[in-house]
Amino acid sequence: MALKVTSVSTPFFQLGSTASVFSLSKPCSFSKHPLRFNLNTRRKYSHPTSFVIRAARIESKGVTLGFRAPQFQLPEPLTGKVWALEDFEAHPALLVMFICNHCPFVKYLKKDIVKLTKFYMKKGLAVVAISSNSAATHPQDGPEFMAEDAKLFGYPFPYLYDESQEVARDFGAVCTPEFYVFKKDGRRPFELVYHGQFDDSRPSNNNIPVTGRDLSLAIDRVLSGQLVPSEQKPSVGCSIKWHP
């Protein structure tokens with residue numbers, strides 16, 4: 001029986017802005033560890049295996065400013081609690097982040113995301129992170145590992161699992177990391193005022209320090225009642241891993 005693996009996250013191949021496909025005609029077997037693949041052991045697989053690796057660097061797409069935050073109800077793997085949009089209604093602003101465990105772009109920013117969110121949560125900002133990656137193709141992004149990641153990095157915000165991927169589609173999210181800042185005026189719904197990058201830093205360019213400048217400026221303006229400039233640089237990261 002031939003086994004076909006359609007998507008593997010590591011090693012990460014980055015070639016411009018297009019997806020890259022690599023095919024290896026070697027027998028493939030899984031080790032007992034769910035995150036390791038053994039390409040050298042033949043065992044019972046007597047036929048060559050088609051092994052395809054897909055990786056893509058992608059930018060967040062334009063979502064119209066003023067866009068109302070979609071409703072959601074998602075579980076937090078670390079605590080088992082189910083969170084909904086209305087849980088954040090009492091806050092003047094809400095930051096929604098689409099992240100995951102394995103993405104190199106997210107890994108590069110994790111510690112600084114924690115620092116930034118801790119700082120602004122003390123000022124009244126509500127924060128929620130969502131992982132919508134398929135656990136079928138990327139088991140390391142599944143709920144069990146999400147809980148471990150949240151605990152390891154001390155996330156001060158709930159880290160929610162979007163198993164159906166419907167919430168990502170409702171938000172128009174396409175990459176990790178992807179940042180949305182919504183403002184709340186009284187009883188009015190949350191309205192989008194920022195959909196852009198964390199800052200100019202990238203894992204491939206260590207000459208540009210991680211500062212969180214772009215996101216910080218947007219949050220500062222929202223919390224102080226100022227307008228957020230409409231010119232916003234898109235976030236850059238790995239594509240969301242949709243279900244096969």
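This is a predicted model: local features need pLDDT of at least 70, side-chain atom pairs count only at pLDDT 80 or more; totals for chains, interfaces and linings use all residues.
View 1. Take a look around Leu95: leaving aside residues up to four places away in sequence, Leu95 touches Thr117, Leu125, Ala126, Val127, Val128, Phe179, Tyr180, Val181 and Leu215. In soluble globular proteins, nonpolar side chains tend to be buried together.

**View 2. A stacked pair, Trp83 and Phe88.** A pair of aromatic rings is described by the distance of the centres and the angle of the planes. The model has 11 aromatic pairs. In this one, the ring centres of Trp83 and Phe88 are 5.5 Å apart and the planes meet at 15°, so the pair counts as stacked. Both Trp83 and Phe88 are buried.

**View 3. An edge-to-face pair, Phe171 and Phe182.** Here the centres of Phe171 and Phe182 are 6.1 Å apart, with 80° between the planes, which makes the pair edge-to-face. The pair links distant parts of the chain: Phe171 belongs to helix α3 (residues 166-171) and Phe182 to strand β12 (residues 178-183), 11 residues apart. Phe171 counts as buried because its relative accessibility is 1%, and Phe182 is buried at 0%. Together with Phe98 and Tyr180, these two residues form one aromatic cluster.

**View 4. Arg169 over Trp242.** In this view, Arg169 lies over the face of Trp242, at 4.3 Å from the ring centre.

**View 5. The two faces of helix α2 (residues 143-153).** Which residues of α2 are buried? They are Met146, Ala147, Asp149 and Ala150. These residues cover an arc of only 165° around the axis, so they sit on the same side of α2. That buried set packs against α1, β9 (125-131) and β10 (159-161). On the face turned away from the buried side you will find the exposed residues Glu144, Lys151 and Leu152. Just after α2, Gly154 adopts a positive phi of about 65°.

Conventions. Residues are numbered from 1 along each chain as its sequence is written. Side-chain values use heavy atoms; hydrogens and water are left out. Rings of Phe, Tyr and Trp (its six-membered ring) pair if their centres lie within 6.5 Å; planes under 30 degrees apart count as stacked, over 60 as edge-to-face and the rest as tilted. Buried means under 20% relative accessible area, exposed over 50%, partly exposed in between (1.4 Å probe, protein chains only). Helices (H or I, at least four residues) and strands (E, at least two) are DSSP runs, numbered from the N terminus. A charge sits over a ring if NZ of Lys or CZ of Arg is within 6 Å of the ring centre and within 35 degrees of the ring normal. Contact means heavy atoms within 4.5 Å. The arc is that of the directions from the helix axis to the C-beta atoms.
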